[in-house]
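Thanks for coming, everyone. Please have the sequence and the 3D view open while I talk.

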Amino acid sequence: MIADAPTARRRRWHWRTFDTAAGGLALDLGLYAVSAIFAAITAVTSTLLPHRAWGAVATIGYLVAALMVITQLLLRRRFPAARLAGLPARWAVTGLAWVGTTLLPLLWQSIERASGRTDRAQEEVLVVEHAGTRLLEHGTPYLGPDAIAALPPGEQLLGYTPYQPGMAMFGLPRALVDTWWTDSRVWFAVGTALALALAVAVLRKKPTTAATGHRRDSALLRGVQAATVLPICALTLATGGDDLPVLALCLLALALAAADRPGRAGLAVGLAGALKLFAWPVALVLIVWGLTRRAGTRVAAGAIGLPVAALLPAMLVDHDALTENVLRFPLGHGLVTSPAQSPFPGYLIANAMPAGRFIAAALLVAAGVAIAVRLARRPPRTAVATALICGYGLLAAIALMPSTRFGYLLYPLALLTWAPALHRPVDTPTAPVPDELSGRTTSA
């Protein structure tokens, strides 16, 4: 489960060689080209109409980005020092790619939905907006079990809000004004962009030389690409979107941890935890990281305090509704079952084997125990180690959960890609470098 320091350094070297080929442009081209193929296949084969609409627009966006990278490669080959082929230009292409593959289809679907199209949003968009309306009118985003049971059978699933109470804040604009810019996806995108911008700003403030600054910015670019233009993220934000601000806040929390700001890291992950349960494991690992720096209380104050503060009003208004939505339904004990049925090992075991649900649950618990033992025996002492534990831990959980979705993979993929950007800068070959797997320092 844990690699030694020389193995970790070799892996970093191999990844760095691959990542920096042709100044990073080779991997950029591969990302955009493969993403264009994915978007084109989605546009033709997806059974979800919002996904097909996204694919039709995003294919063009990815192809344009790929053509821009090809132009950069040709410029670099003829003029190795050309600024249009450098790192700032790669950042610009990434920004344009995000506009073309995420924001443009998002705005297009929001406008068409406001004009009357009913096939331009996934169900979670409606759920969040209904939660915002209920929060405004009744003081809680949740319907109780009796109210859900009274709905027509085809609408009972939409009666559930399987999120933390803070998610309803993204639905408040729609509760006030019914127009395209109050679509909850627009505000998911705003929250995601703000959190990522803050994370990049925090990491760029770390003192460094020009050489290490270039490596840091290159790693940052990869992390931002993973959270924005990677198809699983672009598709999710354009058609549903509720996971992206949660992910962005977790990345911000890790950036603040790398900058040695434990209190602010706790607040960032606490905000994410007030939106969705997926942030709670990240909060737990960050608290353990804080304990290694004698700052566990400062991390926990925000990481635990903000989700509790969000839950308290809903609990006081209608505790049974809260329990039905955030506990019974996700655990499979609601009036209807979750439609999350991607064929990962946990789902296949739960549905294909005798007592499969108990076996899948036991495997999930075993994975949790293994991670807990890892945290107890070798707690993460760096932000890099924290990000890796969170990424691999969530990957294991997603694979073993009886009810899950392919879209949830955006969490581990982005967290693992973000980890290299969290390294403290090292300016000389003899300086001690942190071992991201154990948190110990080793000689370079």
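Let's start with charges. Arg113, Glu129, Arg174, Asp178, Asp183 and Arg185 are joined in a network of salt bridges. A salt bridge here is a side-chain nitrogen of Lys or Arg within 4 Å of a carboxyl oxygen of Asp or Glu.

A word on the source. This is a predicted model, where local features need pLDDT of at least 70 and side-chain atom pairs count only at pLDDT 80 or more, while totals for chains, interfaces and linings use all residues. Residues are numbered from 1 along each chain as its sequence is written, and side-chain values use heavy atoms, with hydrogens and water left out.

Back to the charges. How many salt bridges does the structure hold? It holds 18. One of them joins the side chains of Asp183 and Arg185, at 2.9 Å from N to O. Both Asp183 and Arg185 are buried. Buried means under 20% relative accessible area, exposed means over 50%, and partly exposed is in between, using a 1.4 Å probe and protein chains only.

Next, Asp217 and Arg204. Their side chains meet in a salt bridge at 3.5 Å, N to O. Asp217 sits in helix α10 (residues 210-228) and Arg204 in helix α9, so this pair ties together parts 13 residues apart in sequence. Helices are DSSP runs of H or I with at least four residues, strands are runs of E with at least two, and both are numbered from the N terminus. Asp217 has 14% relative accessibility, so it counts as buried. Arg204, at 40%, is partly exposed.

Arg117 and Asp119 form another salt bridge, 2.9 Å from N to O. Arg117 is partly exposed at 35%. Asp119 is buried at 18%.

Which residues of α5 are buried? They are Glu124, Val125, Val127, Val128, Glu129, Ala131, Gly132 and Arg134. The buried residues of α5 pack against α4 (87-114), α7 (156-159), α8 (172-176), α9 (184-204) and α11 (231-239). Contact here means heavy atoms within 4.5 Å. Just after α5, Gly139 takes a positive phi of about 85 degrees.

Last topic: aromatic rings. A search of the whole structure finds six aromatic pairs. Rings of Phe, Tyr and Trp (its six-membered ring) pair if their centres lie within 6.5 Å; planes under 30 degrees apart count as stacked, over 60 as edge-to-face, and the rest as tilted.

Take Tyr160 and Phe329. Their ring centres are 4.5 Å apart and their planes are at 15 degrees, so the pair is stacked. Tyr160 is in the loop between α7 and α8, and Phe329 is in the loop between α15 (296-328) and α16 (345-352), 169 residues apart. Both are buried.

Then Phe278 and Tyr411. Here the centres are 4.7 Å apart and the planes at 10 degrees, so this pair is stacked too. Phe278 is in the loop between α13 (262-273) and α14 (279-292), and Tyr411 is in helix α19 (residues 410-418), so the pair ties together parts 133 residues apart in sequence. Phe278 is buried at 13%, and Tyr411 is buried at 1%.

One more group to find on your screens: Phe38, Trp54 and Tyr62 form one aromatic cluster.
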